[in-house]
Amino acid sequence: KGGPYTQGKGAKGGKAGPQPPQPLAWVDQLSKISSVPLTQVHRPVLDLKHRFPYLSMSHDLTHAQVHFAELGSGSRVPLSPPVETINLDYNKHVLVPEGEVLPKKAEASDAKKKFRVRVALMTGKLLERPTHPINKYQFVIHKAGDAADVLPEADWIQELDGDEPTELTTQKNTAVRCIKDLYGFDLSACIFHRFMDLHYETYDGTQIQSTVLLPEVWKCPELPASIGKQVREIEEEFTKVVSYQHELTPEEIEEEKKDYFKQIEKERAQGQAVRPGEREMDRAERLEKLEEKLKQMEKNPPEVKPTKQVEKQEKDKRTVVKDISRPVFVSLLNLIGLRQGDFSHPSFTGVFETKLFALCFDEMIKVECSTHIVSWLKDYAVRWESEEEVRVAKKKRVREEAEVRTKVLQERAAKRQKREQAQKEAADAKKKEEEEKKAKEEEEKNEEKEANETEKTEEAKEETKEEGKEETKEE
């Protein structure tokens with residue numbers, strides 16, 4: 001009794017064997033909750049695979065340092081993202097000289113350590129109805145031709161950024177240079193947070209560190225942050241049509257006149273052609289009219305002008321502005337759903353890091369939400385204990401007010417019942433009086449009717465007597 005198995009009767013009335021227990025609904029839902037800690041900073045590759053089983057990991061990745069998971073970390077962002085902090089201004093151009101690439105790439109060397117920085121520019125989105133925070137966050141994604149959409153990145157260059165690539169100051173210099181070269185906006189006045197570090201080690205022993213920085217664009221002095229696109233001025237050759245007036249020679253004038261009469265002969269020959277389905281009478285009439293028209297043209301040829309407008313093609317050069325890359329807004333939900341290509345694709349690492357950032361950012365939102373919930377529950381417990389006396393007094397007051405209301409309602413009900421009883425008695429008395437009056441009237445009518453009938457009977461008897469006396473007299 002009360003065990004995990006259920007007992008029941010068999011097909012022949014006997015007891016059946018033990019049946020497997022049915023899991024409760026809440027237990028089934030509880031098993032779906034992830035068991036990985038959200039506050040873990042150092043995350044090896046196996047841990048990342050366990051957390052994100054559908055994410056294709058880079059073969060060279062060794063581990064990740066997720067700094068937002070640290071308690072009291074400044075890299076956490078508010079759950080309500082600031083709206084319209086970044087403005088996409090495609091009329092703002094960042095000119096890239098011919099043969100150069102901005103931001104500059106690190107020169108090829110035999111160094112066994114390399115560093116790069118990715119920048120996550122965040123803004124918010126106005127939505128008509130309340131929704132999950134994952135739909136509110138938007139990030140600036142770098143779009144360059146047919147390449148995959150990734151977070152903007154730049155390599156660490158010692159001469160431009162600083163000597164210590166692992167320090168936040170040097171990484172900030174790299175990020176500022178990246179955004180300025182790509183979009184023409186200066187982020188040097190913003191506060192930067194190190195969101196996470198990704199560590200790689202290639203087959204030849206080269207170590208690569210990729211850092212994702214999160215600037216507080218919403219606290220920038222110049223808002224909204226206006227970012228543009230990269231363009232390049234290209235000189236191209238094109239063909240243009242030039243028209244001018246050509247003065248005709250006497251031979252050319254004569255040739256123009258001959259061409260006119262040749263055209264008349266050509267029209268005459270075309271008119272002589274037989275048309276299918278045309279009657280002989282209609283054909284004769286048409287040829288007659290055509291001949292009159294052509295003779296009139298021969299008599300009055302047009303005057304040939306001494307000049308003629310001639311067009312010719314010339315080659316020239318012009319400067320054309322062509323787009324190299326531009327920023328676009330992509331929501332956090334769409335970043336999580338980015339499609340990863342083959343491992344050999346050049347942009348595989350960029351897409352992998354962008355998608356991993358989005359998944360970790362989603363984890364940060366969960367941490368923030370759970371932290372808010374736990375804090376609220378703790379505050380609520382303390383507030384509940386501190387407000388016990390107030391709550392007891394309130395209950396007592398509510399109970400007394402309820403008793404007073406009940407008493408008032410009972411008194412009103414008694415008065416209403418008494419009033420209804422009096423109204424009912426008055427109505428019954430009135431009804432009884434009307435019935436008695438009606439019965440009395442009926443009785444008076446019956447008496448009057450009986451009196452009339454008696455009177456008629458007496459009169460009839462008198463008449464009968466008189467008639468008998470008269471008959472006796474006559475006899």
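## Two helices: α5 and α6

The cover over the buried residues of α5 includes α6. Contact here means heavy atoms within 4.5 Å, and buried means under 20% relative accessible area, with exposed over 50% and partly exposed in between (1.4 Å probe, protein chains only). Helices (H or I, at least four residues) and strands (E, at least two) are DSSP runs, numbered from the N terminus. The model is predicted: local features need pLDDT of at least 70 and side-chain atom pairs count only at pLDDT 80 or more, while totals for chains, interfaces and linings use all residues. Residues are numbered from 1 along each chain as its sequence is written, and side-chain values use heavy atoms, with hydrogens and water left out.

The buried residues of α5 are Y260, I264, R268 and G271. Helix α5 has 23 residues, which should span 33 Å at 1.5 Å a residue; the end C-alpha atoms of α5 are 34 Å apart, which agrees. The expected span of a helix is 1.5 Å times one less than its number of residues. Helix α6 covers residues 280-299, 20 residues in total, and reaches 29 Å from its first C-alpha to its last, close to the 28 Å expected at 1.5 Å a residue.

Which residues of α6 are buried? They are R283, R286, L287, L290 and L294. These residues cover an arc of only 100° around the axis, which puts them on the same side of α6. The arc is that of the directions from the helix axis to the C-beta atoms. The cover over the buried residues of α6 includes α5 (250-272). On the face of α6 turned away from its buried side are the exposed residues M281, E288, K289, E292 and K299.

## The largest pocket

Rolling a probe the size of a water molecule over the atoms shows where empty space is left. The search uses a 1 Å grid over the protein atoms alone: a cavity is a set of points where a 1.4 Å probe fits but cannot get out, and a pocket is an open set with protein on both sides within 12 Å along at least five of seven lines; lining residues have an atom within 4 Å of a point. Grid points are joined across faces, edges and corners, and a volume is the space filled by probe spheres set on the points.

The largest pocket has a volume of about 1200 Å³. Its lining consists of 41 residues, of which K105, A106, E153, A154 and D155 lie nearest the centre of the pocket. Two or more lining residues come from each of β4, β7 (153-155), α3 (158-161), β10 (225-247), β11 (307-331) and α8 (348-386). The largest share of this lining, five residues, comes from β4. By class, the lining of the largest pocket has 21 nonpolar, eight polar and 12 charged residues. Ala, Val, Leu, Ile, Met, Phe, Trp, Tyr, Cys and Pro count as nonpolar, Asp, Glu, Lys and Arg as charged, and the others, Gly among them, as polar.

## D155, beside the pocket centre

D155 is one of the residues nearest the centre of the largest pocket, and D155 lies in strand β7. Is D155 buried or exposed? With a relative accessibility of 19%, D155 counts as buried.

Not counting residues up to four places away in sequence, D155 touches K105, A106, F115, R116, D161, T174 and R177. D155 and E441 are 286 residues apart along the chain, and their C-alpha atoms are separated by 121 Å.

## The cavity

How many cavities of 30 Å³ or more does a search of the whole structure find? The search finds one. The largest cavity has a volume of about 40 Å³.

The largest cavity is lined by F115, R116, V117, W156, P165, Q171, T174, Q209 and T211. At least two of the lining residues come from each of β4 (113-119), α4 (168-183) and β9 (207-215), and β4 gives the largest share, three residues. By class, this lining has four nonpolar, four polar and one charged residues.

## A cis peptide bond

Most peptide bonds are trans. The bond that joins L102 and P103 is cis, with omega about -5°. P103 lies in the loop between β3 (86-95) and β4.

## Two further residues

E314 is in strand β11 and is partly exposed, with a relative accessible area of 30%. Leaving aside neighbours within four places in sequence, E314 is in contact with F238, T239, K240 and V242.

R129 is in the loop between β5 (122-124) and β6 (137-143). R129 is exposed, with a relative accessible area of 68%.
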